[in-house]
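Here are a few notes to read alongside the structure. Have a look at it, then follow the points in order.

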Amino acid sequence: MTLPNTPGIETPAAAPAVMAPPRLPRVNLMPPEIAEAAAFRRFQWAMGAAVVAAVAVVGVLYVQAHGTVNSAKQQLTAAQAQHTTLQSKFSSLSYVSSTYNQVAAKKAMLTQAMGDQIKWSDYLTDLSIKVPDGVWLTNVNANETAGPGGTTPASTAPGLIDPGIGSITFSGTAFSHDDVAAW
């Protein structure tokens with residue numbers, strides 16, 4: 001904001017600038033060789049400190065690595081002891097695997113022996129469920145056509161339907177033709 005010049009009122013004047021003290025010339029009376037020697041000594045001290053620090057870091061890393069090696073050796077010893085214990089347990093349970101092998105051999109033998117078996121009980125149960133109320137069976141004749149070893153006789157006419165594993169013939173009585181048709 002600017003104040004008008006009015007007589008009798010003084011306007012604030014700008015503050016006088018603070019002047020910095022004059023800079024004096026610097027005079028170095030020390031010979032440059034001495035300054036260079038002092039700088040070289042500081043460099044030597046710095047390099048010595050760096051070497052000491054490097055040796056300290058290497059020492060710490062060596063101690064840490066040595067501790068890690070000892071820890072790994074202890075873990076190896078514990079693992080070997082556990083392996084020995086488990087190996088002895090495995091040896092004592094070897095009869096289990098031989099039992100499983102025997103069971104598998106017996107199952108294979110049973111499958112081979114029973115491969116040609118016809119379960120007539122299942123067929124007769126299904127038959128008893130399917131026969132209607134008004135029908136009675138008087139005779140059921142079942143013949144197996146499969147030969148020994150599960151082979152069926154070869155069909156003489158090519159292109160005919162597979163003869164199957166056997167045949168069944170039923171004889172019975174019923175009240176009416178509708179009952180027979182329902183069956």
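1. Start with the nonpolar surface patch: H3 gives the largest share of it, three residues. Helices here are DSSP runs (H or I, at least four residues), as are strands (E, at least two), both numbered from the N terminus. Before going on, note that this is a predicted model, where local features need pLDDT of at least 70, side-chain atom pairs count only at pLDDT 80 or more, and totals for chains, interfaces and linings use all residues. Residues are numbered from 1 along each chain as its sequence is written, and side-chain values use heavy atoms, with hydrogens and water left out.

2. Who else is in the patch? Helix H3 (120-130), strand S1 (135-144) and strand S2 (166-174) each bring at least two residues. The patch covers about 770 Å², and its members include Trp120, Leu137 and Phe170. Patch residues have over 30% relative accessible area and no salt bridge, and nonpolar side chains (Val, Leu, Ile, Met, Phe, Trp, Tyr) are joined within 5 Å. A salt bridge means a side-chain nitrogen of Lys or Arg within 4 Å of a carboxyl oxygen of Asp or Glu. Areas come from the Shrake-Rupley method with a 1.4 Å probe, and for residues only the protein chains shown count as cover.

3. Phe170 sits in strand S2 and is partly exposed, at 33% relative accessible area. That word covers the range between buried (under 20%) and exposed (over 50%).

4. Leaving aside neighbours within four places in sequence, Thr173 is in contact (heavy atoms within 4.5 Å) with Gly134, Val135, Trp136 and Thr138.

Technical notes: Patch = residues over 30% accessible without salt bridge, like charges linked within 9 Å, V, L, I, M, F, W, Y side chains within 5 Å. Buried < 20%, exposed > 50% of the residue type's maximum accessible area, 1.4 Å probe, protein only.
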